[in-house]
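Thanks, everyone. I will take a few minutes on salt bridges, and then stop for comments. Please have the structure on the screen.

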Amino acid sequence: MKIATFNILIFLLFLSASTWGNIHTSQFLTQNRIEHINDTLKKNILDTVDISGNQQTIIVDSLKRKMFPTAYDLLKSNPDLRFEDDGIYYRGKLLTTIKINGQVFNFISLIELLKIFPSSILSAYNLNPHTDLMNKFWGNENKDINSIDLRTPNGKITGLLGNSSLRYSFKSKFELNGNIIYFKNNNNTLIDINLNNNSFNWATVIDNNLDKAINGKISIQNNTKLRNGEFSFKLSYSRNNTISKDQFIDSFSVIKDTINNKTVDRIQENLSRSIHINSSLKKTFNKLYLDASLNVQKENWRNTKSNSNNNKKFLSNNTSQTDGYTGSFNIIYKLYKNNIFLSTNTTIGQNTSQKQNYYQNDTIYNEVLSQSKSHFVQSRAALKFNFKKVFIGDIYYNIVNSNANSQNTINVKKNVDSKLKQHNQNVGTTIRFTKSSIDFSSNIYYEKAINTFKSDSNKNFLDNNSGLLYNSSLTLRALNSRLNNVFTFQKSLIYPTLSQKDPTHVNISDNYSSIGNPNVTNQSIFNFNWNTNYQMKNSDNINLTISTSLNKNKIIENLFVLKNDTVIYEIKFNEGTKMLTNSNSNNTNSPNSSLSLAYTKNNFIVTNLSLQNSLSYTTAQTERSINSKDFTDKSDNYLANINAFYYKDRFSANLNYGIAFSNYKFTNMEENFLDSSIKNINQTIAANVKINYFKLVKLEISNQFNTTNSNGILIKNNRTDIILSQSYFNSNLDISLNIFDAFDQMKQEKIIKNDFLITRESKTNMIGRYFLLTLAYKFQKLKS
């Protein structure tokens, strides 16, 4: 708590000593303001902003351009946006598209582009609805905000934009990055290169003979806007080698007698190489729309794991090589005015793989070689209708055929062939009714599926399924679109894969071994979700989400422990091996539910101080077999988070506090003494302060402190980092010195996590304080 108090005092001290700038945010919600706002934008900002009733335009003033070097930093200062899991959420909704002056930027993630795009050339950015060319052709347009559009003066960019950086750790570790974006009106090309010899976390202790490995990637991407269409292409190659070294001990298990309370030394190495080629063409004519795409990939992967414990060793080596392609062709033809359309789509694909699973310990040796090949064909035909963009839908027939074949060579002497054939047919309709205040859409279809599993080691298994499925949503808008309610309902099926059904598909690790089960069948899911969002006139925001799902015949993993040395399909297992196998839960519903509430308060106490508060609760329950005993598996998770953010010219501060509580209960249905539970409490306090008052250097100080208590076992991690930096040559050259773990507080990184039915505590040795020198150069030759 001393550390927590220290962080809060730092935050309040800087806050009280500062004055605030202005944030200019314009939100267009009513028709009677559009004309005035258009004139203002044309006069002061740019003349290419499209203004509609459901759009937000944020002007980028000189303060923001100076304070936030990239578009990523700029958008993070917007309290309506939440960055989570490599995605951006606007008022609780995921943004899926990024555009530059209205042109979609393909083949690079939204987050990646924002991090390399300079805010210095931005005049504004829009949050608005985006509709792809195909749906726009037949009038099925989106009305909800789902995209970010970066705007520059006059709406055009011509020239080069790029940056390069070199990082050096003074321990013979380096990382070189470089990327160039070439803009020429409607043509964008990106070249991205990375090269490093850092095979682990910069601060991790690894043996001298393991700590260096050359890694790198290169990608070339092009996006060309054609007349009434667009063409995209991407070619990428990557090589990634990661090494980790730690010690772990299993501190808790639902099956208590499987805990050995011994520390295990572990080294893991992962090496992957991949090449991907992606291309697509979309084109619109007077009465015809067409698109075609082709994706080709080839990947190699290897995982080596070595454990040692009191002269007992476990070694595993898993390798795989996969390649394949997917191609699709889509046509829509206008039959009658803008009301009736004929649509056809065909998709084909093929994947081949070769996997080797090699493992041994003091008493056993196993080697399994698996070769598999799968291909699929999907065809869809539909009659689409659109009446005044109010009543929209289609009637369709869809058919999917897929075949997967696998051949396993076990310990060089046994071959087992397995096949899974799936045939699905759908007949259904999609309808959409849309107005300014209501949007209803539904996909209702009848599905018939025939799945056949064949194996040399078992009899044939045939599953026939048929029934009515649906996916529906209802959006209600009120108060000039400031209050939105979205309801979704869905019923769907999940079919087991070949690896889940194949009993000769075996994987062995240091913790669990797994094996397929030919008796596993499909899972039926019913989902309900309600999301409500209220945008106040002062830009404060409240978001509430409630969801629940019922899972009939949920595909789960059962666990049993081998009582003797056992051979299964020529594969040898030691006594005490923990085996996982797929099955369907006995629980009729296996319910999952969640509730989350988020509140954003702007200008809290003082101008431009924003608070983001969130609460969430999730619960799940199912039934599974654990060592031949029937258990009810129930989890409850609670999470609370408070984030305060403030910035002004030459100064910014951020303070975040989060607390999470989780409780996993395993209740035996007959013998109470077998009941057990896993309880975790995790707290995190993070503070960050940036100061740019000094001519000589910019200063950034950050601290992160977290604690975890798992069934009475307490761990703590604490680290303070300092960054000294300065910019030269009109801020094009940045030189920074990162001092990680400045006070030498973190000699070990400690983690407690639940691995299914086991709680595992791991410790990774760290080098403590270390320095990282970074040279970064930005260049741009742009005309707008």
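A salt bridge here is a side-chain nitrogen of Lys or Arg within 4 Å of a carboxyl oxygen of Asp or Glu. Keep in mind that this is a predicted model.

By that criterion, lysine 501 and aspartate 463 form a salt bridge through their side chains, with 3.7 Å from N to O. What does this pair tie together? Lysine 501 sits in helix α7, residues 498-501, and aspartate 463 sits in strand β23, residues 458-478, so the contact links parts that are 38 residues apart in sequence. Lysine 501 and aspartate 463 are both buried.

How many salt bridges does the structure hold? The count is 19.

Next, arginine 624 and aspartate 633. Their closest N and O atoms are 3.0 Å apart, in a salt bridge. Buried or exposed, at under 20% or over 50% relative accessible area? Arginine 624 has a relative accessible area of 11% and is buried. Aspartate 633 is at 13%, and is buried too. Still on salt bridges, there is also a network: Asp144, Arg432, Asp439 and Arg477 are joined into one by bridges that share partners.

My last pair is arginine 167 with glutamate 175, whose side chains meet in a salt bridge at 3.2 Å, N to O. Arginine 167 is partly exposed, at 23% relative accessible area. Glutamate 175, at 17%, counts as buried, because the cut-off for buried is under 20%.

That is what I have; comments are welcome.

Technical notes: Residues are numbered from 1 along each chain as its sequence is written. This is a predicted model: local features need pLDDT of at least 70, side-chain atom pairs count only at pLDDT 80 or more; totals for chains, interfaces and linings use all residues. Side-chain values use heavy atoms; hydrogens and water are left out. Buried means under 20% relative accessible area, exposed over 50%, partly exposed in between (1.4 Å probe, protein chains only). Helices (H or I, at least four residues) and strands (E, at least two) are DSSP runs, numbered from the N terminus.
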